[in-house]
Amino acid sequence: MFGFVPEQYKFFSQEFDSEDEILKGCEDADYIGFSLTSFQVNEALRLIVKIKKINRNAKIIWGGYGVNGFSSEKIIELYGKYVDYFIQGPGEDGWVRILTDSNSPRVIRSQIITDFDKYPYPDRDLIRIDRNLKKLMDLEGVRKTSMEMQRGGCPFKCKFCAAGSFQNKRGWRSADNIIGEMEILRDKYGMDKDSMVLMSDAEILIDEQIVKMAEMKVERNIDFKFGMNVVASTIIQSNKIKYLEKLAKAGCSEIWMGVESDPTLMHLTGKPISPEKIKSAFKITKDLGFIRKAYFILGFTEEETEQTILNRIPFVEELDPDIVGFTIYIPVPGSPGYNHEKHGNIDFEKSCEYQNLFTRTKTLSNSDLRYWQKYLVDYFKEKATYRQKEDTSNKLKIGNKK
Ligand code: B12
Ligand code: SF4
């Protein structure tokens, strides 16, 4: 049936394909899907204008966080002139519906998927993953890719994050299902003990399925390393510490935690963390031998001052992370901090989480925030994240959105 076999698809990524290649690939397409964050929307609009000149009949479909954060009416008002269909939330069923149902609504708001095991694994050949593997090997000298252990939104409501924009629940995969995909990464894509898999989930909520996965990973000799985001407060209970031990044995070598703030403003993040819980999580994970990354966001509240920024220094020193990153707040559509009336004119195309020209606080200008960001990165240069390292090891430009 149309749209159900890989041979009926072509995949392009602006990271690797020129505009000419992309346009040529669209010439004879019936449906053209775009996966977008808000930061890519304007570029997609420009591309659509060019596509329409060579293929007037193709139906254009958008999905991803660039469309998730708006009501159906608003998304049609904003982009309905250019785009035929919008998928909000998980795309698996919505995509099939558009292909098979000529009466499909223009905006499909899909609900959380509760039974992931019934879907096939992602087709990494189709998205030409070899190009990403090569790029990361060239940049970082490591065979690196990503997969998901859980799926869906997030139960928390951090001011700066759109992950909960569409769904506030998580979708689960069984341990067998996760392991099946890991075996493919090992056997087909050569992920071995020196390789690293980034769990691309927003945050992993560690539970029995994750622990079972860890045990099975050891039993099945899947020995690549992996890293994951966790919310600090969810890993400090004694049963969770036992789970973390099992994860460490299964190759989990890195734990990433959003600290976001100095201790005095942490209650304004919307994340269920406190300075004490953060300290405890960093201590526990240090004792277990994980490489720990701490992420901070400057200017996420108007109350941020020079002093609260500087308060991060002793706090970082106390937490003693192995890696530390400092980004600057930008209100993204779908996040609790975004208000379309106020933020609809932000030029997302010229922004990223490292730099923007919009954010300021009651006492700090936008350039002050950028000054202090650089100050902190310099102060902790030995621990800076790969992307923020300014030495010769960093082959990525800071602010590069790719
Ligand atoms: C992993 C991740 C990254 C990784 C990607 C790694 C990789 N190898 O894939 C990296 C670090 C590169 C990254 C970068 C950035 N990210 Co990011 N990222 C995520 C994260 C945590 C998971 C995304 C993911 O892979 N999900 C799993 C997939 C399967 O789900 P999905 O993308 O939602 O896709 C489903 C549906 O949306 C839909 N769908 C999606 N596209 C399409 C297309 C069609 C045609 C259809 C039918 C359906 C469909 O179907 C899919 C399957 O169900 C999300 C948060 C989250 N919880 O999702 C943030 C998130 C997407 N990122 C975000 C941001 C801001 C960024 C950056 C701008 C940060 C920066 N550096 O400045 C960059 C820019 C990326 C870009 N090019 O625009 C925001 C986007 C907010 C917004 N309103 O746009 C999010 C939501 C987090 C947040 N802060 O709120 N990111
Ligand atoms: S930052 Fe993490 S905990 Fe907060 S809403 Fe986003 S995914 Fe959830």
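Tutor: Ser253 is buried, at 19% relative accessible area, where buried means under 20%, exposed over 50% and partly exposed in between, with a 1.4 Å probe and protein chains only as cover. The model is predicted, so local features need pLDDT of at least 70 and side-chain atom pairs count only at pLDDT 80 or more, while totals for chains, interfaces and linings use all residues. Residues are numbered from 1 along each chain as its sequence is written, chains are lettered from A and ligands numbered from 1 in the order written, and side-chain values use heavy atoms, without hydrogens or water.

Ser253 belongs to strand β10, residues 252-260. Strands (E, at least two residues) and helices (H or I, at least four) are DSSP runs numbered from the N terminus. Setting aside residues up to four places away in sequence, Ser253 touches Met196, Lys225, Phe226, Phe290 and Ile291; a contact requires heavy atoms within 4.5 Å.

Residue 252 of the chain is a cysteine, and Cys252 is buried at 3% relative accessible area. Its sulfur lies 18 Å from the closest cysteine sulfur, that of Cys154, which is too far for a bond. A disulfide is counted where two cysteine sulfur atoms are within 2.5 Å, and the structure holds zero of them. Another cysteine, Cys158, is buried too, at 9%.

Ile291, one of the contacts of Ser253, falls within strand β11, residues 291-298. Strand β11 runs parallel to β12, to which six bridges join it; two strands pair if DSSP finds at least two bridges between them. Within this pairing, Tyr295 has Gly325 of β12 as its bridge partner. Six of the six residues of β12 (residues 323-328) are buried, so this strand is largely enclosed by the rest of the structure. In a regular strand, side chains alternate between the two faces of the sheet. Both faces of β12 are covered: one side carries Ile323, Gly325 and Thr327, the other Val324, Phe326 and Ile328, all of them buried.

The loop between α12 (312-319) and β12 contains Asp320. This aspartate is partly exposed, at 28% relative accessible area, and has a positive phi near 55 degrees. Asn221, in the loop between α8 (208-219) and β9 (225-229), likewise has a positive phi, of about 55 degrees, although it is not a glycine. Asn221 is exposed, at 58%. Most residues other than glycine have a negative phi.

The interior can be described through its nonpolar cores, which are sets of buried Ala, Val, Leu, Ile, Met, Phe, Trp, Tyr and Cys residues joined through side-chain atoms within 4.5 Å. The largest has 61 residues, and those with the most contacts inside it are Met149, Met182, Ile206, Met213, Met228 and Leu247. Beyond four places in sequence, Met182 touches Met147, Met149, Met199, Met213, Lys217, Ile222 and Phe224. Apart from this core lies another, of 30 residues, which include Ala29, Ile48, Trp62 and Phe70.

The C-alpha atoms of Met137 and Ser195 are 9.9 Å apart, although 58 residues separate the two in sequence.

In the chain as a whole there are 14 helices and 12 strands. Its radius of gyration, taken over C-alpha atoms, is 22 Å, close to the 21 Å of the globule rule for 402 residues, so the chain is as compact as a globular protein of that length. That rule is 2.2 Å times the number of residues to the power 0.38. The C-alpha trace spans about 60 × 55 × 40 Å along its principal axes, and 49% of the 402 residues count as buried. Of the contacts between residues at least 6 apart in sequence, 73% join residues at least 24 apart.
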